[in-house]
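I open this notebook to record what I looked up in one structure. The entries follow the order in which I consulted it.

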Amino acid sequence: MPPGCRKQPTEGAGAVIKPTVRVVLANSLSRQYTGGETEFEVEAARVRDVLRALEERFPGIRAHLEEETAVSIDGMIYDDAYLQDVTGSREVFFIPKLDAG
């Protein structure tokens, strides 16, 4: 099985392999939405999948992440990363956007 993938139990002979990615939130986000937890492992192929997985665990977090954060994928920062591929990535980090005003 490729690194960063997890076997999902299924009925019958086969198993579905889904990629996993490490997600890190800034402390301010974790205090507000996750009870202080800052690191997670989620199954995702794109940033939109990461957002969906986090919303399932922490209702209300998705809108905040989409509007108020930039995304760093393995150190590369994206302002609009919704469709960005995270397959094979080591880390997806949500960071507060800087206000240029």
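**Entry 1: strand pairing.** I count two strands as paired if DSSP finds at least two bridges between them. The model I examined is predicted. I looked up β4 and strand β5 (residues 76-78) under this rule, and they pair in the antiparallel sense over three bridges. Within this pair, I found Val-71 opposite Tyr-78 in β5. I then turned to the hairpin that β4 and β5 form, which has two residues between the strands. There I noted that Asp-74 takes a positive phi near 50°.

**Entry 2: the other partner of β4.** I looked up β6 next and found that five bridges join β4 to β6, with the two strands running antiparallel. I recorded that Ile-73 stands opposite Val-92 in β6.

**Entry 3: burial of β4.** Is β4 enclosed or open? I found that five of the five residues of β4 are buried, so the strand is largely enclosed by the rest of the structure. I also looked up the directions of its residues. Thr-69, Val-71 and Ile-73 point one way, while Ala-70 and Ser-72 point the other way, and all are buried. I set beside this the general rule that in a regular strand the side chains alternate between the two faces of the sheet.

**Entry 4: the nonpolar core.** Which residues have the most contacts inside the largest nonpolar core? I found that this core has 21 residues, and that Val-50, Leu-54 and Phe-94 have the most contacts inside it. I noted that β2 (16-25), β3 (39-43), α2 (47-57), α3, β4 (69-73) and β6 (91-96) each supply at least two of its residues. Helix α2 gives the most, with five residues. I then listed what Val-50 touches, leaving aside residues up to four places away in sequence: Val-21, Val-23, Val-42, Ala-44, Val-86 and Phe-94.

**Entry 5: helix α3.** I looked up the buried residues of helix α3 (residues 61-68), which are Ile-61, Arg-62 and Leu-65. Seen down the axis of α3, these fall within an arc of 100°, so they line one face of the helix.

**Entry 6: Arg-62.** I returned to Arg-62 in helix α3. Why does Arg-62 count as buried? I found its relative accessible area to be 18%, and the cut-off for buried is under 20%. I recorded a polar contact of 3.1 Å that joins the side chains of Arg-62 and Tyr-82. Again leaving aside residues up to four places away in sequence, Arg-62 touches Arg-48, Leu-51, Arg-52, Glu-55 and Tyr-82.

Key: Residues numbered from 1 in each chain as written. Predicted model: local features only at pLDDT ≥ 70, side-chain atom pairs only at ≥ 80, totals over all residues. Heavy atoms only, no water. Buried < 20%, exposed > 50% of the residue type's maximum accessible area, 1.4 Å probe, protein only. Helix = DSSP H or I, 4+ residues; strand = E, 2+ residues; numbered from the N terminus. Arc of directions from axis to C-beta. Core = buried A, V, L, I, M, F, W, Y, C linked by side-chain atoms within 4.5 Å. Contact = heavy atoms within 4.5 Å. Polar contact = N/O pair within 3.5 Å; in protein donor to acceptor, adjacent residues only side chain to side chain.
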